[in-house]
Amino acid sequence: MMVVDSVEEDHTPDADITFTKADLRDVVPHDNDPVVISLVTAGRKVHRVLVDQGSSADGMFWLTFNKLQLSLDQLRPYVGCLYGFAGDQVEVRGYIELRTTFTDGTVACTEKIKYLVVNAPSAYNILLGRPTLNRLGAVPFTRHMKLKLSSMEGVVITIKSDQKEARRYYENSLKQQRSVCHVTSTPPLGVDERRSEVAGLVRGTQGDVEMEEAVLGAQGWPK
């Protein structure tokens, strides 16, 4: 996905992030597996989050929005422009800002993320693009199948990609028939009827949304 929007101020913590041979010990040799992680948002642990450096937007799919039991009142009208290189028809319902926690089980970082809510089938629940990666100073590395970022205390958080799930859902996403079309975003009921013309790229197949209840500790990460 590509979006034309305002640039947010950078609050990247000052920490050195490196990848070593030790990071490869638990990696199964692969050619092109994507980095797919889990994160905590709206009080639940959400799986199948695709880390996509090619996307200039952070996206949440409509099925995920409903499974999280989020309210339509939380949606705000989206007035930016969304472009797709090639893809299925997509309807933009608006955007929502949610506190989102990234954790490796010991250290965590929580940030408010602006998700563009898209009504389209997908093999993934959330698409994490450059806005959040750049703001957090997060570094994904496909060879090492990991995403690294710093906590506000300067401790590096290492989140492992689930290779088995990543490979399975990537293969599913390639099976979806693709087409290009022009659509219009639909603001949620009860809000300003402003609309913006969009075109979207969404690849994937409809699947069950995998998520778990998450209990946050005093420091903001799951117990």
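Is lysine 160 buried or exposed? I looked this up before anything else. Lysine 160 is exposed, with a relative accessible area of 54%. My cut-offs are under 20% relative accessible area for buried and over 50% for exposed, with partly exposed in between (1.4 Å probe, protein chains only).

**Ground rules**

I am working with a predicted model, in which local features need pLDDT of at least 70, side-chain atom pairs count only at pLDDT 80 or more, and totals for chains, interfaces and linings use all residues. I number residues from 1 along each chain as its sequence is written, and side-chain values use heavy atoms, with hydrogens and water left out.

**Confidence**

I checked pLDDT, the predictor's confidence in each residue, from 0 to 100. The protein chain averages 76. A score of at least 70 is reached by 64% of the residues. I then went through the elements: helices (H or I, at least four residues) and strands (E, at least two) are DSSP runs, numbered from the N terminus. Strand β2 (residues 36-41) has the highest mean pLDDT, 96. Strand β13 (residues 197-198) has the lowest, 32.

Over residues 177-188 the pLDDT stays under 50, and the model has 42 contacts (heavy atoms within 4.5 Å) for them beyond four places in sequence. Residues 191-208 are also below 50, with 68 contacts beyond near neighbours in sequence. Where pLDDT is low, the predicted coordinates should not be read in detail.

**Cores**

Next I looked for nonpolar cores, meaning sets of buried Ala, Val, Leu, Ile, Met, Phe, Trp, Tyr and Cys residues joined through side-chain atoms within 4.5 Å. The largest has 31 residues. Ile37, Met60, Phe65, Ile96, Phe102, Tyr115 and Leu149 have the most contacts inside it. Strand β7 (residues 108-119) gives this core its largest share, 4 residues.

I found a second, separate core of 5 residues, including Leu50, Ala123, Tyr124 and Ala166. In soluble globular proteins, nonpolar side chains tend to be buried together.

Leaving out residues up to four places away in sequence, isoleucine 96 touches Phe65, Leu70, Gln74, Leu75, Ile113, Lys114, Tyr115 and Val117.

**Strands around β7**

I used the DSSP rule that two strands pair if there are at least two bridges between them. Strand β6 (residues 91-103) runs antiparallel to β7, with 12 bridges. Threonine 103 has alanine 108 in β7 as its bridge partner. β6 and β7 form a hairpin with 4 residues between them. In the turn, glycine 105 has a positive phi of about 100°.

Strand β4 (residues 59-61) runs parallel to β7, joined by 3 bridges. Here phenylalanine 61 is partnered with valine 118 in β7.

**Salt bridges**

I searched for salt bridges (a side-chain nitrogen of Lys or Arg within 4 Å of a carboxyl oxygen of Asp or Glu). The whole structure has 5.

Aspartate 26 pairs with lysine 146, with the closest N and O atoms 2.8 Å apart. Aspartate 26 sits in the loop between β1 (2-4) and β2, and lysine 146 in strand β10 (residues 146-150), 120 residues apart. Aspartate 26 is partly exposed at 39% relative accessibility, whereas lysine 146 is buried at 3%.

Aspartate 26 also meets lysine 160 in a salt bridge (3.1 Å, N to O). Lysine 160 lies in strand β11 (residues 156-160), so this pair ties together parts 134 residues apart in sequence. I therefore logged Asp26, Lys146 and Lys160 as a network of salt bridges.

Arginine 76 and glutamate 97 meet at 3.2 Å, N to O. Arginine 76 is partly exposed at 41%, and glutamate 97 is partly exposed at 33%.

**Aromatic pairs**

For ring pairs of Phe, Tyr and Trp (its six-membered ring), I took centres within 6.5 Å; planes under 30 degrees apart count as stacked, over 60 as edge-to-face and the rest as tilted. The count is 2.

Phenylalanine 19 and phenylalanine 141 are edge-to-face, 5.1 Å centre to centre, with 85° between the planes. Phenylalanine 19 is in the loop between β1 and β2, and phenylalanine 141 is in strand β9 (residues 139-141), 122 residues apart.

Tryptophan 62 and phenylalanine 65 are stacked, 4.9 Å centre to centre, with 10° between the planes. They are 3 residues apart in helix α1, so about one helical turn separates them. Tryptophan 62 is buried at 14%, and phenylalanine 65 is buried at 1%.
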